[in-house]
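Hi there,

Here is the structure I promised to pass on to you. Please have a look at it first, and then read my notes on what turned up.

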Amino acid sequence: MSELKYINREENKNLQTKDLITLGLYTILLILLMGVGVGLGTLFTSLVFGGKVYFSTYTSVVTALICGSAYSLVFNKINKNMAIFIMIAIVALFLTISGHSIVGSIAMLLAAIIAEFFYRRKSEYLSYLFFNLGNIGIVLPMFFMKDSYVKHLQGRNYSQEKIDLVMGSSDLKTFILIIVLTVIFSIIGTYLGRKLYFKNFNKAGL
């Protein structure tokens, strides 16, 4: 079995027009995978836990597991500086437009800087890890800005019953669990994403 190797980035490191188009397509794929993951996770927890667990709290965990393939496409195929930062920035913008707290987008932008840093040092595992840790920013207000987060949910027309469900998972133990699971599934997601890329996408010329 051949070793999975990273592509040489020593040629032109600046994004070209064709790179931006490809990056846009891969970013859309990443966002779609995030949505599918949240939907499937919500369905799973509803069936297993009878709707008593607010699954969106664990968005970073499921994203870490299933989005590794899309991330690996950008990491290994586009191969240009700022590609990872721009992709994560677009995701952050999408989350803001879709009604999430601005705190989450700020956290993702900070994570994008670190993810780009490790991208330039060819560390896909660490780059992807910080992308997923940035996703935790979506629920940071739920744990550390509870009053403002409740008002945010009320502004999104959440019923009191659903607000109680959401805030029922806002304890410190849950937050620590999210971080631990995100780290674990980021490692798994990177491994699976790289295997899929080098075994299928790369051979197909994607």
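Of the contacts in the chain with a separation of 6 or more, 81% are between residues 24 or more positions apart; a contact means heavy atoms within 4.5 Å. Before going further, please keep in mind that this is a predicted model, in which local features need pLDDT of at least 70 and side-chain atom pairs count only at pLDDT 80 or more, while totals for chains, interfaces and linings use all residues. Residues are numbered from 1 along each chain as its sequence is written, and side-chain values use heavy atoms, with hydrogens and water left out.

On the overall fold, the chain has 10 helices and 0 strands, where helices (H or I, at least four residues) and strands (E, at least two) are DSSP runs numbered from the N terminus. The C-alpha trace spans about 55 × 35 × 25 Å along its principal axes. The radius of gyration is 18 Å, which agrees with the value near 17 Å that a compact globule of 206 residues would have; this radius is taken over C-alpha atoms, and the globule rule is 2.2 Å times the number of residues to the power 0.38.

The accessible surface comes to about 10800 Å², and 67% of it belongs to carbon and sulfur atoms (Shrake-Rupley method with a 1.4 Å probe; for residues, only the protein chains shown count as cover). Of the 206 residues, 43% count as buried. Here buried means under 20% relative accessible area, exposed means over 50%, and partly exposed lies in between (1.4 Å probe, protein chains only).

Helix H3 deserves a look. Because 10 of the 11 residues of H3 (residues 68-78) are buried, this helix is largely enclosed by the rest of the structure. Among the buried ones are Tyr71, Leu73, Phe75 and Ile78. Ser72, also in H3, has a relative accessible area of 0%. Leaving aside residues up to four places away in sequence, Ser72 touches Lys77, Glu124, Gly193, Arg194 and Tyr197. Asn79 follows H3 and has a positive phi, near 60°.

Two loop residues also have positive phi values. Most residues other than glycine have a negative phi. Lys122, in the loop between helix H5 (102-120) and helix H6 (124-135), has a phi near 65° and is partly exposed, at 35% relative accessible area. Asn157 sits in the loop between H8 and helix H9 (160-167); its phi is near 65°, and Asn157 counts as exposed at 71% relative accessibility.

Finally, the largest pocket holds about 370 Å³ of space. Of its 20 lining residues, Val38, Ser56, Thr59, Leu95 and His100 are the closest to its centre. On a 1 Å grid over the protein atoms alone, a pocket is an open set of points where a 1.4 Å probe fits, with protein on both sides within 12 Å along at least five of seven lines, and lining residues have an atom within 4 Å of a point. Grid points are joined across faces, edges and corners, and the volume is the space filled by probe spheres set on the points.

Helices H1 (17-49), H4 (83-97) and H8 (146-155) each supply at least two residues of the lining, and H1 gives the most, with 4 residues. The lining divides into 12 nonpolar, 6 polar and 2 charged residues (nonpolar: Ala, Val, Leu, Ile, Met, Phe, Trp, Tyr, Cys and Pro; charged: Asp, Glu, Lys and Arg; polar: the others, Gly among them).

Best wishes
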